[in-house]
Amino acid sequence: MNEPPNRAAAAARAFDTAAMRRALQLARRGLGWVEPNPAVGAVVAVDGRIVGEGWHAAYGGPHAEVGALAEAGPAARGATLYVTLEPCCHHGKTPPCTDAIIAAGVARVVAAAGDPHPAVAGDGIARLRAAGIQVDVGLLEPEALRLTAPFRKLVAAGRPWVIAKWATSLDGRLAGPTGADRWISSAASRALVHDLRGRVDAIVVGIGTALADDPLLTARPGEPAARADADDARGLRGPPRRPLRVVLDRSARLPLESRLVRTARESPLLVAVGPEAAADRVAALERAGCEVFASPVAERGPMIDGLLREFGRRRMTNVLVEGGGIVLDAWLRSGAVDEAWIFVAPTVLGGDPATLPLVPDVATLVVESVMHPGGDILVRGLVRRIAPV
């Protein structure tokens with residue numbers, strides 16, 4: 001007997017959702033590797049069976065749709081293509097995906113969300129429909145929008161996505177961001193932080209942290225088995241990027257003998273100084289191989305904004321702020337932070353608690369996930385600034 005129409009329709013919707021979830025899962029494998037492009041995944045299916053999968057694996061490499069169609073081969077004719085982002089329709093580093101989809105004979109395209117890039121922005125969908133392909137848009141759109149939020153912010157605002165990270169004890173003491181003897185968080189938490197560092201474009205700390213901890217601020221990911229959450233580590237295959245190390249140092253106090261300066265010719269270092277910085281100190285840093293960003297203003301908010309504009313000019317997509325309480329508070333108060341990773345260690349250190357940067361009169365956190373790496377609690381979420389009354 002034939003399946004009742006309503007049951008068949010429900011089964012088809014369920015498969016559509018499952019296929020798009022798989023495409024989103026595949027897309028996450030590209031995070032850290034494809035920026036400033038968006039991470040995209042694609043699935044080709046026929047009669048409720050997946051016959052091809054692909055994802056954008058590296059900047060300048062083939063797009064997700066091309067990989068999925070290649071794996072599907074002749075089976076793509078008459079098939080449904082599920083893709084997490086509207087297919088591109090312009091020549092960039094690769095040919096238009098719309099041309100490949102049309103040539104493959106795909107009958108239906110299900111896109112989770114549109115592409116905000118001016119070279120696409122609905123034209124990809126229009127081109128597919130003009131070729132007689134059924135196009136449905138919006139399946140699991142919230143998940144797709146969140147996945148591509150850094151890309152979308154860069155396109156819309158010319159600014160990178162900013163992630164603030166800190167660790168705290170149960171009694172509110174902030175942990176230093178580097179140095180094994182200063183950490184209160186677990187080895188599993190530190191492995192996650194190094195994985196995160198390996199997929200961002202820049203790591204920002206203040207001069208206080210640089211002087212107190214003498215950090216390197218490099219990405220040193222551990223083995224995948226040591227990671228607390230392999231799936232949520234987003235498919236990292238080691239450190240895909242070498243992040244720019246940034247020190248906020250308005251008076252150019254960073255010592256020339258610091259590990260940051262001594263490694264500046266091997267791992268890029270930018271020192272952001274203010275108008276009060278002495279010319280001879282700036283010149284010495286530059287001679288040592290540092291790049292200097294000179295802000296015309298000394299106030300924290302405008303200086304942060306100018307630095308973000310510079311990051312956007314360089315097409316940076318993700319920036320990690322790892323500074324101490326003063327730096328984190330300044331970035332949160334400026335409204336620049338989009339996401340927070342907060343590690344809470346099951347430790348009481350005693351003494352006067354440090355001021356936690358995320359306080360009720362500045363911002364609130366929309367929690368997205370809670371993990372337990374190595375006995376710690378990792379709370380991750382979106383930062384929403386509270387408007388002044």
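1. A residue counts as buried when its relative accessible area is under 20%. Keep that cut-off in mind for this predicted model. Thr148 has a relative accessible area of 3%, so Thr148 is buried.

2. Where does Thr148 sit? Look in the loop between α5 (141–147) and α6 (149–157). A polar atom of the Thr148 side chain lies 2.9 Å from the backbone oxygen of Ala144. Now set aside the neighbours of Thr148 within four places in sequence. Thr148 is then in contact with Pro38 and Ala39.

3. Next, the cysteines. A disulfide is a covalent bond between the sulfur atoms of two cysteines. How many disulfides does the structure hold? The count is zero. Take Cys97 as a case to check. The closest cysteine sulfur to the sulfur of Cys97 belongs to Cys88, at 3.7 Å. The cut-off for a disulfide is 2.5 Å, so the sulfur of Cys88 is too far from that of Cys97 for a bond.

4. Are Cys97 and Cys290 buried or exposed? Cys97 has 0% relative accessibility, so Cys97 counts as buried. Cys290 has a relative accessible area of 6%, and is therefore buried too.

5. Finally, go to the surface. Val367, Val370 and Ile377 form a nonpolar patch there. Together they have about 230 Å² of accessible area. Val367 belongs to strand β13, which covers residues 363–371. Its relative accessibility is 48%. Exposed would need over 50%, so Val367 counts as partly exposed.

Methods: Residues are numbered from 1 along each chain as its sequence is written. This is a predicted model: local features need pLDDT of at least 70, side-chain atom pairs count only at pLDDT 80 or more; totals for chains, interfaces and linings use all residues. Side-chain values use heavy atoms; hydrogens and water are left out. Patches are made of residues with over 30% relative accessible area and no salt bridge: like charges are joined within 9 Å, nonpolar side chains (Val, Leu, Ile, Met, Phe, Trp, Tyr) within 5 Å. Accessible areas come from the Shrake-Rupley method with a 1.4 Å probe; for residues, only the protein chains shown count as cover. A salt bridge is a side-chain nitrogen of Lys or Arg within 4 Å of a carboxyl oxygen of Asp or Glu. Helices (H or I, at least four residues) and strands (E, at least two) are DSSP runs, numbered from the N terminus. Buried means under 20% relative accessible area, exposed over 50%, partly exposed in between (1.4 Å probe, protein chains only). A polar contact is a pair of N or O atoms within 3.5 Å; within protein, one must be able to donate a hydrogen and the other to accept it, and residues adjacent in sequence count only if both atoms are side-chain atoms. Contact means heavy atoms within 4.5 Å.
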